[in-house]
Amino acid sequence: MKYYSLNNKDNKVSFQEAVIQGLAPDKGLYFPETITQIPQAFFDEIEQLSNEEIAFETIKQFVGNEIPEPELKQILKETLSFDFPLVKVEENVFSLELFHGPTMAFKDVGARFMSRCLAYFNRDKDQKNTVLVATSGDTGGAVASGFLGVKGVEVIILYPSGKVSDIQERQLTTLGQNITALEVDGVFDDCQDMVKKAFLDDDLKYKNLTSANSINIARWLPQMFYFFFAYKELKKYNKQLIVSCPSGNFGNICAGIMAKKLGLPLTHFVASTNANDTVPRFLENGIYNSKPSIATISNAMDVGNPSNFVRIQEMYNNDLKAFEKDFSSYTFSDEETKFAMKNIHVNTGYIAEPHGAVGYLGLKKELLNYPNAVGFFLETAHPIKFLDVVEPVLNVKLEIPKQIESVLNKEKVSVKIKSYEDLRNFLQKN
Ligand SMILES: *Cc1c(COP(=O)(O)O)cnc(C)c1O
């Protein structure tokens with residue numbers, strides 16, 4: 001399978017090159033050259049298939065013959081070594097819980113798949129890849145855990161000092177081995193700027209730097225798996241299906257649309273956002289006008305210019321009419337989000353963290369247009385990861401899950417840096 005750059009369709013690379021490069025040299029995101037529907041028989045018998053079998057059938061065309069079948073199956077087995085329960089919250093409303101992995105955020109799926117693909121590509125080379133990633137919290141932990149101990153890959157994570165939660169910081173800084181945390185004296189945007197500079201720095205070319213956020217196809221594409229898992233559970237209702245994704249960089253929802261392209265019968269997608277409403281505004285007035293991000297209580301979605309939106313436009317050939325038929329996007333304030341968290345908890349006993357609650361709100365809004373449909377929203381993180389919001393809003397005390405407990409008493413190790421020069425020196429010395 002070849003991938004082309006969305007900045008220039010003539011720039012084509014293999015799956016392996018796209019994974020190793022992350023972003024194309026012309027700064028475009030990679031996109032698969034062909035998308036082939038999966039035969040109907042797969043959907044007819046999906047109830048009989050395991051998660052690994054579903055994942056294999058859906059990803060194989062994107063990998064092609066670049067990873068042999070037994071190795072790809074092993075990668076999928078390791079990627080999907082935890083559950084994806086679909087929990088009934090209300091009549092016709094389900095929560096697809098994506099937080100049962102090692103760092104309790106959905107990003108575990110993409111991070112684990114990508115790390116193992118890179119390890120396969122490095123299997124008999126001395127060459128090393130360096131994964132460089134800036135994080136405002138969740139991404140770093142999932143990448144650190146997903147890449148821990150993976151052969152031929154060094155991981156360097158930049159995070160803003162004092163701006164991530166205690167749990168998030170421990171998930172980044174306590175693993176050791178091939179994971180190094182750089183604690184930046186600055187804000188997230190400073191970390192992001194340093195990473196971008198490093199990618200463009202000719203003196204660092206020899207380090208084979210790559211990124212590990214959802215611009216990388218090996219992080220983005222496996223996110224389509226769980227839409228198929230949800231379908232497997234919901235098929236028996238024999239109703240139209242609506243999904244709402246709490247969206248930041250729009251990687252998840254973009255993967256859901258890819259699942260639909262493969263034949264998954266989802267009727268409608270809702271991109272639910274917090275106050276960072278670039279896409280809801282675009283759907284209202286047809287003008288794409290990004291703006292600097294605004295801080296909210298659902299901070300993993302504080303994105304002013306969602307990077308995967310260009311991929312969604314590509315899937316609809318930039319046809320706004322066709323796009324609007326399948327897709328809505330709604331924005332919700334922090335007040336509305338807290339109110340929803342309280343209502344869900346009081347009425348049903350379910351604890352939704354802020355990102356999931358935004359997803360719930362968008363789903364409820366869309367179900368007014370589809371009164372006979374069944375809907376699900378993605379619950380993208382465990383409530384414990386946002387306990388500073390969840391505990392006071394719901395007036396509850398959360399139990400610490402074992403995945404989190406295991407990092408709480410480990411010692412933090414980080415390297416403090418102040419400037420791009422510090423980062424460059426660090427990369428050249430290590
Ligand atoms: C990253 C993240 C999101 C946003 O996902 P996108 O695929 O970037 O839209 C939502 N919720 C949580 C908890 C996240 O960590």
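Visitor: Before we start, what are helix axes fitted to?
Guide: Axes are lines fitted to C-alpha atoms, for helices over the stretch in contact, with angles of 0 to 180 degrees between N-to-C directions. The model is predicted, so to speak of local features takes pLDDT of at least 70 and side-chain atom pairs 80 or more, while totals for chains, interfaces and linings use all residues. Residues are numbered from 1 along each chain as its sequence is written, and side-chain values use heavy atoms, without hydrogens or water.

Visitor: OK. At what angle do α15 and α17 cross?
Guide: Helix α15 (residues 334-348) and helix α17 (residues 387-394) cross at roughly 60°, and their axes come within 10 Å. Helices (H or I, at least four residues) and strands (E, at least two) are DSSP runs, numbered from the N terminus. The angle makes α15 oblique to α17; under 35 degrees is roughly parallel, over 145 roughly antiparallel, 65 to 115 roughly perpendicular, and the rest oblique.

Visitor: Which residues of α15 and α17 meet?
Guide: From α15, K338, M341, K342 and H345 meet V389, V390, V393 and L394 of α17 (contact: heavy atoms within 4.5 Å). By class, the residues of the contact of α15 with α17 are five nonpolar, one polar and two charged. Ala, Val, Leu, Ile, Met, Phe, Trp, Tyr, Cys and Pro count as nonpolar, Asp, Glu, Lys and Arg as charged, and the others, Gly among them, as polar.

Visitor: And α6 with α7, at what angle?
Guide: Roughly 30°, with the axes of α6 (residues 138-147) and α7 (residues 166-173) coming within 8 Å. That makes α6 roughly parallel to α7. On the α6 side D138, G140, G141 and A144 make the contact, and on the α7 side Q168, Q171 and L172. This contact has two nonpolar, four polar and one charged residues.

Visitor: How do α10 and α11 cross?
Guide: The axes of α10 (residues 225-234) and α11 (residues 251-261) come within 8 Å and cross at roughly 60°, which makes α10 oblique to α11. Y226, F227 and F228 of α10 touch N252, A255, G256 and A259 of α11. The contact of α10 with α11 counts five nonpolar, two polar and no charged residues.

Visitor: New topic. How many aromatic pairs?
Guide: The whole structure has 22 (Phe, Tyr and Trp rings, the six-membered one for Trp, with centres within 6.5 Å; planes under 30 degrees apart are stacked, over 60 edge-to-face, the rest tilted). One of them is Y4 with F31, tilted, at 5.9 Å centre to centre and 50° between the planes. Y4 sits in strand β1 (residues 2-5) and F31 in strand β3 (residues 30-32), 27 residues apart, so the pair links distant parts of the chain.

Visitor: Which domain does UniProt list for residues 2-79?
Guide: The unreviewed UniProt entry gives "Threonine synthase N-terminal". Residues 2-79 are 46% helix and 18% strand, with end C-alpha atoms 23 Å apart.

Visitor: And what covers residues 96-366?
Guide: UniProt, again unreviewed, has "Tryptophan synthase beta chain-like PALP" there. Residues 96-366 are 45% helix and 15% strand, and the end C-alpha atoms lie 17 Å apart.

How values were computed
UniProt positions renumbered as here; feature names shortened; annotations may be inferred.
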